[in-house]
Amino acid sequence: MKEFFKELFLRDYMSRVVLIKWCISELVERVAFFPPPLTVANLNIITRLITTPNTNSSEQVEFIKSATESSKSEPNWSNFKNNVLCKQGNLNEKNIDAVMLKTMVANKKFNAALSFANHLQLSNKELSIGAINSLLYLYYEYAKEYDLSEQDKAFILKTYTHLYEKYQVLDNATCERLLHALCAINEWRKCKKVLDDIQLTGTPTHSAYSTLIGTLFKNNKKAEAMKMIDISENNRRSLRDCAYDEWMKYIFRKYKDKKTVLKYLNELCTHISKNSTVVPRATANKLKESFESLNWNVQFTEIRKQSGQCKNCDLTLDCLRLSAEEFATLQQNVKDKLIVGSDLFLKTSPEELKKFMDLVENTGPYDIVLDALNVAYTAGKGGADERIRILTTVVNHFLQQKKKILLLGRKHMLNWKRGALVQLMKKTQYFFTENISQDDPYFITAAILSGPQTDIVSRDLLRGHRFLLRTDALRQLFQRWQWEHQWMVFPSTNRFRPIIQEPLKFTPIAQQHTNGWHLPYEAENTSLEYVNDGVPDVSSWLCITQKINNN
Amino acid sequence: MQKLKMIRARKEARKKQLEESPLEEFREYPDDLLYGIQYQSLFLRIRDSSMNMFDNYRALRSIIYGQSVVIDCSYEEHMVWRETLNAAKQMTFLFGDNRIHKDPFNLHMCNVKPNGEFMKQLRKNIPSLEEPWFPMNIHSESYLDLFPKEKLVYLTPHCREELTSFDPEAVYIVGCMVDKMNNEPLSLAKAKKDGLKMAKLPLDRYIEWAPGSKKNLNINHMIPILLDLRLTGDWEFALRHIPRRKLMETKILAMQKRFDNTSLNRQDLFKSFKNVRRNSSLTMNEKKFKSKRSLYYDDM
């Protein structure tokens, strides 16, 4: 029985940890945050049933939701509030206005919300800042689908001045709501001050930047919008659908000549490609409509991973190799950031580093650098024999192609089957780090310092190491280098022949070719089922080609 | 005028309440003797300060005859202010636990910054810290200057060699840091830099650890463990100082409790238990979890 509970606890813990890890990895890689789908199999039913906490606190919220469900004409709001307060829960007099409005808006009960807003404004009590936030939220959401009345617009402006008189500096949440509301009434000039206030405490959200950019385009302020786009990208906030949407609408509004429209649409696509972003699905649809209105051919397509060919037009995507200067910047930065960091002793020791640098300088440029531990452990549960066998297979595979190999591992590997390992070591260069030092930064540094033709062999996605190169530009360069040079070894059903996967022959970012574009977009539901092997989704791309006029 | 009257009335009421309430009997332990005018007792009262002086005597004796243990306070720049406060608090506990023990250590604090936040807080906690009679040694120099290098052993959770038995001739070094936010192996780096022997406690051999809790122990757990180890040589007895929340037993008990408290139908749950047993073939994701579990158990 005890074992059972332990199993139960571990599953519950692991499911939560995996969800959190997944969320974090998604955040790191795409800066777009989807709540993880709860229907995924990894939530064991029992743990879910047992660990659901007592939901007494939402009794009040449930009541609010159900009461506003029926679209009656205005109920008596003070009675309603009293009813809610009588129930059990977290709401008290101070936060009830805010929470009521928020719930109503979240469930899109605009009529009820507006009537409550009216009631609040007519009563002479001072509105709490939470209530003000919720009101601004209501007006922003309402303005998305309907038009605001003059009264509401006046309220927003009044609130802006009132808030800044009362509090010289506003908090993050209020600023966000205020920014959205101001954008809803096209007051983009005031938004600048609000944006600065947000930056006092943190980075503004995607929604904040994109709404502001959208408003700037709506008001035909292209230069400002482009500046704001740069700021947004520099703060690692890729654009949301609303920004792209307004951009396209602006292009179509301003330019009537087909050629000019095309030129500016190309500008949009260049922006996507330059920042290596992935557009949201809705934007992909709108892009499709836009290009089709100009008589171009647009298809949803997939890219074949092995060849980089588009399934639609059979053109191969280019492999954007790193230029000499870009590679040189990588070389200058890699040793300092990956191995030394803040303290050399955290990952290794000075003697080890010196020995390593001597080895690299003396034995010169390599063709392949193997992360020996990673390759060996594709054997998984097998013993030392299995591991040595896989290592030998991989090494022989490369030796057949007459490549110069560097093997990088840890000293405990010498305790595996010594004979076989020594045989391997005769055929290659090798370096073994101490057991308490990290070996990963070493093999990456060896490969990069060795030159632009060196490849690495490792299944590791190297995300932690990529993060340590502090700037976004360096990280992009590292990612492209990885795509170009990383071989991966996978276990296969045949124990003696593991799958050795080549590096990508193409670069999976948005690309232009003579006749059009290939753009990636975000797929709807990224399932947890697929194994992340470092390549972005190849199954959701747009193939945009110019129609060849036959007449 | 009204307000003043109200305040005065309230004060008087409170005074009356205090006088009329029965005197509270405060016992620290249930079988303590009560001293006071109403109570009779045969024995002279031994107050806290005399108990402290008695313990101080034992601690001072250990300075002359006992084994030295070093507490390395050089991690202040890696700690946030809140963590420094916590470290000072743990230090106070540590000092208390040490002198209460039957056979205390001779504590040395090394690499101390005299005007840093940590020392300021420690002086607030223990006002008599720098008195000449206080049984703790505070040095600004490093332990390398005070002790011969061969005797020093740095205790860090990030290395591979385990401490098999307690060596009464060795001088053990414990890092005084609270590293809730920092994940780097700082103590390992320090030990490597100074070229010292390193060791970690053989926790996995005697205790089942729950996943999700780090194996870095607080200093006010480490020193009692070392004290008990030196006294008895018995690891099980020494490791009883580890807080229960880190261990698997508590998690199992918690799971049991939750299961008991759930309002669901027992029958349905038991049915699903059977399914759990039967589905020994794990799905792909579950296999992934299983293989990754080792990542959470192993600290490296």
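**Reading a strand and its neighbours**

Mentor: Strands E4 (residues 152-155) and E5 of chain B pair in the parallel sense, over four bridges. This is a predicted model.

Trainee: How many bridges join strand E1 of chain B to E5(B), and in which sense do they pair?

Mentor: E1(B), residues 68-72, pairs with E5(B) in the parallel sense over four bridges. Here Tyr172(B) in E5(B) is the bridge partner of Val69(B).

Trainee: Are the residues of E5(B) buried or exposed?

Mentor: A residue counts as buried under 20% relative accessible area. In E5(B), residues 171-175, five of the five residues are buried. Look at each face in turn: Val171(B), Ile173(B) and Gly175(B) are buried on one side, and Tyr172(B) and Val174(B) on the other.

Trainee: Why does Asp260(B) count as partly exposed?

Mentor: Asp260(B) counts as partly exposed because its relative accessibility is 48%, and that class lies between the 20% and 50% cut-offs. Asp260(B) sits in helix H10 (residues 248-261) of chain B.

Trainee: Where in chain B is confidence lowest, and where is it highest?

Mentor: Where pLDDT is low, the predicted coordinates should not be read in detail. In chain B, the lowest confidence is in helix H12 (residues 284-297), with a mean of 60, and the highest is in E4(B), at 95. Chain B averages a pLDDT of 86, and 87% of the residues score at least 70.

Trainee: What ipTM and pTM does the model score?

Mentor: The ipTM is 0.72 and the pTM is 0.77.

Key. Residues numbered from 1 in each chain as written. Chains lettered and ligands numbered in written order. Predicted model: local features only at pLDDT ≥ 70, side-chain atom pairs only at ≥ 80, totals over all residues. Heavy atoms only, no water. Helix = DSSP H or I, 4+ residues; strand = E, 2+ residues; numbered from the N terminus. Buried < 20%, exposed > 50% of the residue type's maximum accessible area, 1.4 Å probe, protein only. Pairing = 2+ DSSP bridges. pLDDT = per-residue confidence, 0-100.
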